[in-house]
Amino acid sequence: MIEMALIAQVLVLVLVTVVFLSTGSASMFHPLTLYLIFHGLVFVMRPILVHTQHFDDVWLFMGYWPDAQQFVFTLVVSSVALIAFAAACAWAGNIRPDWQPGGAPPPAFSFDRVDIVAFLTTAALLAPLAIYSAIQRQAGASFDGTGDVQMERDPTTGQPIYTNTTGYIAEAHSMGLPLTLGLIWICRFHPLSFIPFAGFVAYRAYLGWGRWAIIMGILGLVLLLLYRTRTKWFRAWHALAAVPVLGLFTVLGNNRDAFRDVLAGDAPVSVLLKFNGGSGSGRALDALAGQDLANFDFLSFILWVVPKQSATYTWFTQYLQLFTEPIPRLLWPGKPVGAPVRWVELNDYGVFYNLTTSLPGDGWMSAGWIGMIVTMVVVGLILGRLHRWFWTSGFRNRYAVLFYCAFLPLSLQWFRDGNITIVKFGFFSLLPILLWIGLTRALRAWGILDDDPLGPMVAPPNPRPNPRPGLPHAPLAGQAIVGREPS
């Protein structure tokens, strides 16, 4: 039964992909493309490996083993979620990518002194906070009451919370990504402008945690490169360049302190070449046995708990966290951890600490089939409409291009985590870009740089004496004669 369901799972993905490609709107700039990649990895490839390679690590961690019926039911729910999202996103974003609509020339951007001053002001305001946060976080977070960043784990939800600082400071280093991408963009891909971006990636690799920031940052950079070359799909060299990135992702998944240990001399360099993981026999394939791509496993657990074990749904109350999350815990010591109203606590039925529900799982927890379909359709409509806006007018705006290419990779985090994570990650990832846009508009509206004291001083030409009074000057060499009818 499971084998037939896995075959059907593959066929559904292929069918949705073929229909999507036939619409003519498919490209790497379409949110549905990213969801198809996400679904293929976690809801098609993962269950195949779980069934054929006996990946049991996550089941052991959660304390839950699905039977064949539950396994198949999870496949069905994920496929229905795919169809609901694909239908909504493809319909709302059904526009053909066209760099020259109506025969108009493709946009060619240039940045004037207002753009540059606004960006430098943005960097001057936010970069110090990002650097301070990076310095604080370089030793990681401590759970023993020592260190610059101290945390404790909530006994009910298992979520880590800051005790001596606030997330606005501890996570501000994430603003390094949009700032470095913006520098590359405003410098028009000058080779030296890539140095800060490489430094950010190296810092995240050293930190060990937050590997998804590396993936999303590089994906955002690739989207900007695709836009610059006016291409819709990855090239072969993009795929080759992705190999070391995925290798880095896997190495850090097996050992978060790999780079830290090598630099400190506590581990040999060969540690960075160890790609096998899990509790298996040391096979390279075991690197896929961990929690990185285990959203199928997590979804199966959620479907088992809700509503049979929990006897209720969340009824979308998890989104009330949007109103409580912005308040720093230092100002509200008793602030609820997570949503202020909790109808379902997954940890009451197993171990779900630090695991993610995924967008389909979050929707299922809200109201079963109805909640899952509503969640997938609403998110699909939002992202599809954003795609339509980009190809209607956004691709001609230099700020909108950077905003879209920085935001679109965040949707992968939304697909994986569900809930309000898109707002939390989007805050730090988009704040520098939005501030840059706001400062630019303010400078133009106020005309502050109209009389630029740092600009070049251009004096009017000295008038030549007229040897023939009463007659106009003879034109200078190369000067057009204005106002005379051609003979």
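This is a short walk through one protein model, from its overall build down to a few residues.

Okay, so before anything else: what we have here is a predicted model, where local features need pLDDT of at least 70 and side-chain atom pairs count only at pLDDT 80 or more, while totals for chains, interfaces and linings use all residues. Residues are numbered from 1 along each chain as its sequence is written, and side-chain values use heavy atoms, with hydrogens and water left out.

Let's start with confidence. pLDDT is the predictor's confidence in each residue, on a scale from 0 to 100. The protein averages 84, and 85% of the residues score at least 70. Where does pLDDT stay under 50? One such stretch is residues 451-464, and another is residues 471-487. If we count contacts (heavy atoms within 4.5 Å) beyond four places in sequence, the model has four for residues 451-464 and eight for residues 471-487. Please keep in mind that where pLDDT is low, the predicted coordinates should not be read in detail.

Now the overall build. The protein has 17 helices and two strands; these are DSSP runs, H or I with at least four residues for helices and E with at least two for strands, numbered from the N terminus. Of the contacts with a separation of 6 or more, 75% are between residues 24 or more positions apart.

What about the surface? The protein exposes about 24100 Å², and 67% of that comes from carbon and sulfur atoms. That area comes from the Shrake-Rupley method with a 1.4 Å probe; for residues, only the protein chains shown count as cover. Buried residues make up 48% of the 487 residues. Buried here means under 20% relative accessible area, exposed means over 50%, and partly exposed is in between, again with a 1.4 Å probe and protein chains only.

On to the salt bridges. The rule is a side-chain nitrogen of Lys or Arg within 4 Å of a carboxyl oxygen of Asp or Glu. The idea is that side chains of opposite charge can pair when their charged atoms come close. How many does the structure hold? Seven.

One of them pairs Asp115 with Arg444, with the closest N and O atoms 3.0 Å apart. This pair links distant parts of the chain: Asp115 sits in helix H5 (residues 113-137) and Arg444 in helix H17 (residues 421-446), 329 residues apart. Asp115 is buried, because its relative accessible area is 0%; Arg444 is at 37%, so it counts as partly exposed.

Another pair is Arg342 and Glu345, with the closest N and O atoms 3.0 Å apart. Arg342 is partly exposed at 39%, and Glu345 is buried at 11%. Then there's Asp417 with Arg416, at 2.8 Å from N to O. Both Asp417 and Arg416 are buried. Salt bridges that share partners also join Asp112, Asp115, Arg398 and Arg444 into one network.

A quick word on cysteines. How many disulfides are there, taking a pair of cysteine sulfur atoms within 2.5 Å as the rule? The count is zero. As for individual cysteines, Cys89 is buried at 0% relative accessibility, while Cys187 is partly exposed at 35%.

Last stop: Ser300, which lies in helix H12 (residues 295-305). Is Ser300 buried or exposed? It's buried, because its relative accessibility is 0%. Leaving aside neighbours within four places in sequence, Ser300 is in contact with Trp59, Tyr64, Pro66, Gln70 and Thr74.

Methods:
A disulfide is a pair of cysteine sulfur atoms within 2.5 Å.
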